[in-house]
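Please read these notes with the model open beside you.

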Amino acid sequence: MNREAHLRSATRTHYEAVPFFCGGDKRVQNCRSRSFRFFPEEALDGLRVLDIGASYGEVALALRDRGAEPVCVDLTYRAAAYARKFNRINAIQADALRLPFADSCFDITIAVGVLHHTADHLVGLKEMARVTRPGGRALIFLYSAFTPYHGLYRLSHPLRRVTSVSSVSRIPPWVLGLVRPPTEFVVGQRLNAEQIKSLVADQFWTPHATFHTKRAIVRDAQNLGLRLCLTRPSYCYGRWFLFRRDSTVSRGTPASDECGDVDSCR
Ligand SMILES: C[S@@+](CC[C@H](N)C(=O)[O-])C[C@H]1O[C@@H](n2cnc3c(N)ncnc32)[C@H](O)[C@@H]1O
């Protein structure tokens with residue numbers, strides 16, 4: 001098995017065993033209000049949105065609430081089936097590195113916390129650029145390099161070597177109590193023990209995670225014809241990037257710094 005196939009299989013096994021947390025109505029509401037930071041227009045009526053690595057499709061649901069027409073893909077059959085059955089959303093199992101869609105199909109593509117778990121985030125970025133229509137937008141959340149979480153993930157490597165993700169079910173209540181406040185702060189809602197365990201599994205037991213600098217992502221995206229509209233850090237672990245696909249951008253043009261002005265991305 002080559003490296004890519006190995007990582008894909010390990011990541012799929014991980015998320016089939018312990019999917020990303022299900023936040024329910026409260027998370028959909030939070031995602032809906034946060035979505036205005038990136039998509040400030042009043043309605044997203046009829047916009048075709050692809051949510052890559054969507055898990056149960058809660059981000060997609062938030063955009064559907066605003067009039068968009070989302071399609072979700074996830075590496076796991078479990079999440080795609082749940083999204084279809086319980087969230088009544090159009091969802092299929094597929095790999096972010098090989099999207100089963102024609103070029104320029106979507107007005108908006110989204111990958112929240114996904115590409116850093118793939119064998120090659122650049123291939124994922126390229127796939128996003130390919131399926132986003134010229135003038136369309138791509139929203140990405142990635143782990144940042146040189147953050148406290150980056151250090152913690154590296155330090156917890158021995159833990160992943162000697163334990164499996166099923167160990168989260170044995171985390172003692174006092175540890176859950178310690179991680180509850182920061183976790184609830186980051187996700188913006190109250191969490192039960194199962195939700196906390198799922199988030200801890202996502203943060204510390206995922207078999208593969210990569211960490212990125214803003215400069216490298218902006219440069220790589222620009223080389224793929226994605227122009228930066230907005231970027232903002234998220235707490236001590238990641239960064240949001242909003243790009244617009246520009247069919248006229250020439251390869252190798254120096255990356256512009258963040259414009260910080262979401263209007264230019266409308
Ligand atoms: C941290 S969760 C984020 C879920 C979702 N984006 C959200 O914010 O609710 C990462 C998700 O990406 C999915 N994933 C990981 N690697 C993937 C890949 N190569 N292709 C598609 N999905 C992938 C996992 O199955 C998991 O559901």
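1. In helix α8, L176, T183, E184 and V187 are buried. Buried means under 20% relative accessible area, exposed over 50%, and partly exposed in between, with a 1.4 Å probe and protein chains only. The cover over the buried residues of α8 includes α2 and α9 (193-204). Contact here means heavy atoms within 4.5 Å.

2. This is a predicted model: local features need pLDDT of at least 70, side-chain atom pairs count only at pLDDT 80 or more, and totals for chains, interfaces and linings use all residues. Residues are numbered from 1 along each chain as its sequence is written, and side-chain values use heavy atoms, with hydrogens and water left out.

3. Check the length of α8 (residues 173-187). Its 15 residues should span 21 Å at 1.5 Å a residue, and the end C-alpha atoms are 20 Å apart, which agrees. The expected span is 1.5 Å times one less than the number of residues. Helices (H or I, at least four residues) and strands (E, at least two) are DSSP runs, numbered from the N terminus.

4. Where does α8 kink? A kink of about 40 degrees lies at R180, shortly before the proline P181. The bend is the angle between axes fitted to the seven residues ending there and the seven starting there. After α8 comes G188, with a positive phi near 75 degrees.

5. Now the sheet. Seven strands form an open sheet with mixed pairing, in the order β3-β2-β1-β4-β5-β7-β6. Its edge strands, β3 (90-93) and β6 (226-234), each pair on one side only. Strands pair if DSSP finds at least two bridges between them. β1 (residues 48-52) and β2 (residues 69-74) are parallel, with five bridges. V49 has P70 in β2 as its bridge partner.

6. Turn to the rings. Phe, Tyr and Trp rings (for Trp, the six-membered one) pair if their centres lie within 6.5 Å; planes under 30 degrees apart are stacked, over 60 edge-to-face, the rest tilted. That rule gives 17 aromatic pairs. In one of them, Y82 and F86, the centres are 4.7 Å apart and the planes at 45 degrees, so the pair is tilted. Y82 is partly exposed at 28%, while F86 is exposed at 52%.

7. Y143 and Y237 also form a tilted pair, 6.3 Å centre to centre with 50 degrees between the planes. Y143 lies in β5 and Y237 in the loop between β6 and β7, so the pair ties together parts 94 residues apart in sequence. Y143 is buried at 2% relative accessibility. Y237 is buried too, at 17%.
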